[in-house]
Amino acid sequence: FGSESVRTRLFGRHSQWHFIDDLIRVRVDTPDGDFIDMDFYYWDGDRAHELHRCVAEGRVEKPSTSDPLVLVLHGLESNSRSPLCLKMARAFHARNFDVCLVNFRSCSGELPRTVRAYNVGFTEDLQFLVERFRHITPSRPLFLAGFSLGGNVITKWLGSMGEEAYAEKGVRGAAVACVPFDPLAAQPKIDSPGFSRLVYTGNFLRTLKVKAETHHQRFPGSFNLDGVREAKTIGEFDRHFIAPIFGYADEKDYYIKSASKPHLPFIRTPYMAINARDDPFVDEESLPQERHVDHVAKQHTDDVGAPVRLVYTEKGGHCGFYMGKGGWSLAEEMGRFLGDVDRAHNGLL
């Protein structure tokens, strides 16, 4: 998108709202020698804010502020300027959040510097960003939001961190949607013959294979290029590319170790997940249930933990959910939840 295109898609050509002219792109280097590109968007429209500069330069934000900040993680082969990311930015903006739209490695238009890119269970970059923001702007309450692959990354990280996410990292709440909690169960669903393989799998493989070809030129021998070229399903691509790149035995080992479902009982941060039962990417039978989460949580801790809210709708597909006049959209519901959590944190509920 160019800047005019971003504004038009996000707010319309004749918006009554007062917004910034454009998203602000910032790049930060990762500890392993790679980089992450992010787009910042401030709720009050003041481009003079220092946060994005501080993040890029690694210095503490001054003067300090208690304005809430939400990090948004996108889905497979999406990016920070996808329609849903922009809708989420608008929803959070309406509730006075500053927004940081994060691009996974290889998704911002430039290839990564290192052999690794991203995957459904790769939480290392999220950990790095949360710690960086905590250092740079310790007074801000931090929130997380994501959909699809990004939602799984957030869920897995929150569960693996437990109480530390809230108490030490400053993460006050999270809202995710269309989460493949169990990638092992989701893979056959998306790769099943018919519409899903024809439309979704084909579109994903088209961009993934192009990236893999370039990756092979830069990092020869790091994965099975012939296997990637012949792959007709996401599972086959993951077997020949993701598994060797990230050190998994095969695609099944990758899916099992990347699942966020086992981590749900250990989340101690206010959290909401929205999934549709007709999601073409997610096996309905694999969706976690609240009674299971509560049961396991009580087995492993003396308290019942922070509220984990699982919302399932009959319809909505994958990242749809617009309910029409008088209803709600996915982005608005996520914004409403995090807005309520922020207000509760400030004693306003």
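Is Ala91 buried or exposed, and what is its relative accessible area? Ala91 is buried, with a relative accessible area of 5%, where buried stands for under 20% relative accessible area, exposed for over 50% and partly exposed for what lies in between, computed with a 1.4 Å probe on protein chains only.

## Basis of the values

The model is a predicted one, so that local features need pLDDT of at least 70 and side-chain atom pairs count only at pLDDT 80 or more, whereas totals for chains, interfaces and linings use all residues. Residues are numbered from 1 along each chain as its sequence is written, and side-chain values use heavy atoms, with hydrogens and water left out.

## The chain overall

The protein chain has 349 residues, of which 56% count as buried. Its secondary structure comes to 13 helices and eight strands; helices (H or I, at least four residues) and strands (E, at least two) are DSSP runs numbered from the N terminus. Among contacts between residues at least 6 apart in sequence, 74% join residues at least 24 apart, a contact being heavy atoms within 4.5 Å.

## The sheet

Eight strands form an open sheet in the order E1-E2-E4-E3-E5-E6-E7-E8, with mixed pairing; two strands pair if DSSP finds at least two bridges between them. Strand E1 (24–29) and strand E8 (308–313) are the edge strands, each pairing on one side only. From one strand to the next the twist averages 20 degrees; here and below, axes are lines fitted to C-alpha atoms, for helices over the stretch in contact, and angles run from 0 to 180 degrees between N-to-C directions.

H5 touches E3, E5, strand E6 (171–177) and strand E7 (271–276), and its direction makes about 135 degrees with that of E5. Helix H13 (residues 330–345) touches E3, E5, E6, E7 and E8, and its direction makes about 165 degrees with that of E6.

## Helix pairs

Two packed helices are described by the angle between their axes and the distance between the axes. The axes of helix H4 (residues 124–136) and helix H5 (residues 149–161) come within 10 Å and cross at roughly 70 degrees. H4 is therefore roughly perpendicular to H5, on a scale where angles under 35 degrees count as roughly parallel, over 145 as roughly antiparallel, 65 to 115 as roughly perpendicular and the rest as oblique. The crossing of H4 and H5 is right-handed, a crossing being left-handed if the near helix is turned anticlockwise from the far one by less than a right angle, and right-handed if clockwise. Leu126, Gln127 and Val130 of H4 meet Val153, Ile154, Trp157 and Met161 of H5.

For helix H7 (residues 183–190) and helix H11 (residues 251–258), the axes come within 8 Å and cross at roughly 125 degrees, and the two are therefore oblique to each other. Pro183, Leu184 and Gln187 of H7 make the contact with Lys252, Tyr255, Ile256 and Ser258 of H11.

Ala91 has its place in helix H3, and it touches Ala331 and Glu332, residues up to four places away in sequence not being counted. The C-alpha atoms of Ala91 and Glu332 are separated by 5.3 Å, although the two residues are 241 residues apart along the chain.

Not counting residues up to four places away in sequence, Ile36 touches residues including Val26, Val28, Val102, Phe128 and Leu129. Ile36 and Cys107 are 71 residues apart in sequence and 9.3 Å apart in space, C-alpha to C-alpha.
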